[in-house]
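This report describes how side chains are arranged in the structure shown below. Please keep the sequence and the model in view while reading.

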Amino acid sequence: METQRPLRLPNSLFVGLVLVFFSGIGFCIHSSAVSSEVGSCDANYDDSDSKISAFCSFKKYIMQSYYAKYENLLDSDFQVFIGQELPFGMCEVLPHDLSLVLKLSILHRNLIGHGSHRHLTSSIRVNIKPESISELPTHHCEVIIIERLPSGVFADPFELQHLLQRGVYSNIAVFGDTNLESPSFLSNRSAVEVHMDIGHNLFLRHAEEFNINVEIPLHARYPPLSENGYWEVKFGVPDLFMRCSVEGKSHDESCLYKVSEITGSKLTYGTVVWKIPSGMKVHAGIVSIFTFVAALFSAILIAATSIFYSDINSSKHLKES
């Protein structure tokens, strides 16, 4: 009587499984490193003041401070966070009213590309009134743009990391739900924060305006079923801030300003809408029936094939014995 040999995996299959295992570990470690990047706080700040303490927590990213307090991105929570948590007017080295002489107007916003992968472009004009500014120390400023994304789209953190490595922006990161595989009805909103360097002594220049162009790569999530075969995703107006630091200090002391759009300016970009193709509700029943029949037929075919080849192998063994 012939004894059965133990099942042994081929060497190539074993090596492949080991490579997949270690690749998964490396992916998780890299994801943790990218998502946990946090700026440090200067020891000279006094933690007794809640706003100064909040300022320390978003030394690098504003959204890092938001998600330290709130679990999900909601417009109402974000407005409360801006009004109560950010340290506006706490600057001691620059005037508190600098934001009054600097206004931003959005000239153009558009989605470029095709399919489920697009680029959200924004053209922003910075208007300055240098005649209303008194003598200022040497300073360096950057514009901070926060795009609060709807739940139907997401930004790939590794793709943004490549932009940062190429020097496209001084800093860029995504916060919130960064699960790339979640459908829109199972995911939460996320936000992309972009930092753009606008150079030294911004308020001492003779130029009265200059333009900034921002382009963010985005991807569509799997949408829920709809009536007409398309799921509309609408983008709101980005939040604009300015951060200036004074040079020559013993520590890096920065001042944060909320920059609003020009009062009474006409919005020329309109509402940005992304129509993502989706399944139709009227087809759900038919698709479910065909899927079930196809799955059942495949299962029966696999079982019949297995039984057929099992009988052939049994006949060979009987002939050999």
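In this predicted model, helix H4 spans residues 75–84 and contains three buried residues, Phe78, Phe81 and Ile82. Because these residues cover an arc of only 95° around the axis, they lie on the same side of H4.

**Nonpolar cores**

The largest nonpolar core comprises 37 residues. Those with the most contacts inside this core are Ile145, Val192, Val194, Val214, Leu218, Phe235 and Trp274. Strand S7, which runs through residues 209–220, gives the most to this core, contributing 5 residues.

**Aromatic pairs**

The structure holds 6 aromatic pairs. Two of them, which both involve tyrosine 66, are set out here.

| Pair | Centre to centre | Angle between planes | Arrangement |
|---|---|---|---|
| Tyrosine 66 and tyrosine 70 | 4.8 Å | 20° | stacked |
| Tyrosine 66 and phenylalanine 81 | 5.4 Å | 85° | edge-to-face |

Why does the pair of tyrosine 66 and tyrosine 70 count as stacked? Their planes meet at 20°, and planes under 30 degrees apart count as stacked. For tyrosine 66 and phenylalanine 81, the angle is 85°, and planes over 60 degrees apart count as edge-to-face.

The pair of tyrosine 66 and phenylalanine 81 also links distant parts of the chain, the two residues being 15 residues apart. Tyrosine 66 belongs to helix H3 (residues 62–69), whereas phenylalanine 81 belongs to helix H4.

Are the residues of these pairs buried or exposed? Tyrosine 66 has a relative accessible area of 0% and is therefore buried. Phenylalanine 81, at 2% relative accessibility, is also counted as buried. Tyrosine 70 has a relative accessibility of 15%; because the cut-off for buried is under 20%, tyrosine 70 counts as buried.

Tyr66, Tyr67, Tyr70, Phe78 and Phe81 together form one aromatic cluster.

**A charge over a ring**

One further contact involves an aromatic ring, that of phenylalanine 241. The charged end of lysine 258 sits over this ring, 5.4 Å from the centre of the ring.

Conventions: Residues are numbered from 1 along each chain as its sequence is written. This is a predicted model: local features need pLDDT of at least 70, side-chain atom pairs count only at pLDDT 80 or more; totals for chains, interfaces and linings use all residues. Side-chain values use heavy atoms; hydrogens and water are left out. Buried means under 20% relative accessible area, exposed over 50%, partly exposed in between (1.4 Å probe, protein chains only). Helices (H or I, at least four residues) and strands (E, at least two) are DSSP runs, numbered from the N terminus. The arc is that of the directions from the helix axis to the C-beta atoms. A nonpolar core is a set of buried Ala, Val, Leu, Ile, Met, Phe, Trp, Tyr and Cys residues joined through side-chain atoms within 4.5 Å. Rings of Phe, Tyr and Trp (its six-membered ring) pair if their centres lie within 6.5 Å; planes under 30 degrees apart count as stacked, over 60 as edge-to-face and the rest as tilted. A charge sits over a ring if NZ of Lys or CZ of Arg is within 6 Å of the ring centre and within 35 degrees of the ring normal.
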